[in-house]
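Subject: Structure for you to look at, with notes

Dear colleague,

Here is the structure I said I would pass on, and below it are my notes on what turned up. Please open it alongside the text.

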Amino acid sequence: MRWKQVLTGMLLGAVLLAAWWAASRRPGVSPVRVPSVSVEVADAGVRDVVSAVEAREVADAGLWLRATLEGTQPFTGEARVGAAFISDEDLRWWEQGRERGAHAGPSRLEDLANVRGWVTAPVTASARGGVLGPVEVPSAPRYQLVAFEPDGTFWWGDLVPASPPGSGLLDAGVLRATRPTGVRVRLAGARDVAGAFSVRIERDVDPVDAERASALLEVLRLVAPELMGALRDGLPMPLGKEGDTVLAPLPPDRAVRLWLRAPSGREGGPVDVPLREGTVGTVTLDVARLFPEGVGRTVALRGRVLLGDTSRSAGPAVLRTEDGREVEVAADGRFTVPDVPTWRASRFTLWREEGASGRPVAPSQGDFTFTPTAETAGTAEVVWRLPVYRWLVLRMDGFTRAQLQARARPPYPVYLLQRRDARGAWSDVPAQEFIPEGDGVAVSLLEPGTYRVMIASSPYALRPSTVAHAAAEAADVEVRLAAEEAPAPSCEVLVTQQGRPVAGALVTADGGGRSMPPVRGETLTDGRWSLGPVRSERLQVQVQAEGHADWEGEGTEACRRSGVLEVKL
């Protein structure tokens, strides 16, 4: 039995030896080779060409991007990477400009590329900065990189590959840290004032460096979105009474202009603060000096909005203040607006909605003003009244209405309200409502007077209605438009070039009235475009045709004489 065990052990050893030998002969797996990519890189103020990335062995396929962030301490912030693409419209504009020999716009096509979205990139901190990425990116003609730390220090780079890569590793090289430009705001004399102060900021741009500063705005919006939003929209930035408030990073402009805003909303200033690029300077805003008459008081404004001379409510509605605050107006018309200034008049806009059908009772918008007095304090009470509509109704019979529609081109027919003054002269007056009703149109009126409606089938073909007087009481009055007994003669534009008709020319015609939009059309194969009836004293015509200089002229006399306005390009 012993020899059988020895023989079994020898056979097992032989099998294991054969397996080891076969495994050692198996060919190894070749690593993936990543092609090198040549790129042009620009960091904050430094431009150079990074040599081709040496081929390296990686396990992941795709396109990846990385950069080295050079600093003075380990990186502790965030990073973003954006792939920039060129829109079809920008590409077409750029190519057409080059074909015409125009030199407007950038010299490089890649400069038209814009980032459509930013992605967060990982950063591995090092003793002096860190390494951004690798982060996977799509193939694009241009890439932008932004990294920033809590104190406003930022890195940015603009990477343009020699050609849009498909895969591999893009190395943006070394990006150097940019110290923030900004202002440290210190308040003096604010501790005894209840409420929070804020500051409004305005740029003082140096024309010489305007382009470079503007190019940084997109980067700074990522680094400090609230600050850049306040700078763009003119909104105040809150300040702390205890300690300094740092406004950074700011664009490297010549200076910033500051307005200190008290808790009441009153502003003091301006204060001009010079900027030094890469430095956060300090400015002290003295409340007593900026508000020699005091920071101002506020009151709570309580009131009610009613319709006309009645006790009917104008609510529900929304009351909007000058600084964009919105206050609800209840169904009974009552409202309360807190913190209304007492040192100046305040303006308010009321917005109300009515049902979609039928005539509205009153305007959808109304403007009101609150003017405080020296005695105004605590709470102020007001009653505001929104005017109610009276109506002027234009009537037309079926034949007249069909005649008008047949001769009108979109967006016509257009209706215009006119009022006669004490001298008998007619002038245009605004009307918020023109409501189609059966065989006519209801036009809203806000005050008594003598009115008529001008009906336009084109900007140069207007007809007046009859005249009606609207009395003080809110009652409907009617005017009528009769059918034309002798229609005005029609006119057409004929566009030629050396005696041959020009087809496809764009014709724009205007009657000179500010309330009347122009009409447009293209000439047919015979070079003609019909204007329709012409009644106005002015007929301004413009003709544009590809390959020809624009033509512009007055056409009333030609239309009256022959019915044809000849345009020779």
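Just after helix α5, residue G234 takes a positive phi of about 75°. Please keep in mind that this is a predicted model, in which local features need pLDDT of at least 70 and side-chain atom pairs count only at pLDDT 80 or more, while totals for chains, interfaces and linings use all residues. Residues are numbered from 1 along each chain as its sequence is written, and side-chain values use heavy atoms, with hydrogens and water left out.

Helix α5 itself covers residues 225–233, and its buried residues are L227, M228, G229, A230 and L231, where buried means under 20% relative accessible area with a 1.4 Å probe, counting protein chains only. The cover over these buried residues includes β14 (198–204), α4 (217–223), β15 and β16; helices here are DSSP runs of H or I of at least four residues, and strands are E runs of at least two, numbered from the N terminus.

L239 sits in the loop between β15 (237–238) and β16, and it counts as buried at 9% relative accessibility. Setting aside residues up to four places away in sequence, L239 touches V185, L187, F197, S198, V199, T245 and L260, a contact being heavy atoms within 4.5 Å. The C-alpha atoms of L239 and R261, which are 22 residues apart along the chain, are separated by 9.6 Å.

T245 belongs to strand β16 (residues 245–247) and is buried too, with a relative accessible area of 16%. Its side chain reaches the backbone nitrogen of G240 at 3.1 Å, and, neighbours within four places in sequence aside, T245 is in contact with V183, R184, V185, P238, L239 and G240.

The largest nonpolar core has 39 residues, of which F197, L260 and L285 touch the most other members; such a core is a set of buried Ala, Val, Leu, Ile, Met, Phe, Trp, Tyr and Cys residues joined through side-chain atoms within 4.5 Å. Apart from it lies another core, of 27 residues, with A408, L416, A505 and W529 among them.

For the chain overall, there are 8 helices and 43 strands, and buried residues make up 41% of the 569 residues. Among contacts between residues at least 6 apart in sequence, 68% join residues at least 24 apart.

With best wishes

How values were computed
Buried < 20%, exposed > 50% of the residue type's maximum accessible area, 1.4 Å probe, protein only. Polar contact = N/O pair within 3.5 Å; in protein donor to acceptor, adjacent residues only side chain to side chain.
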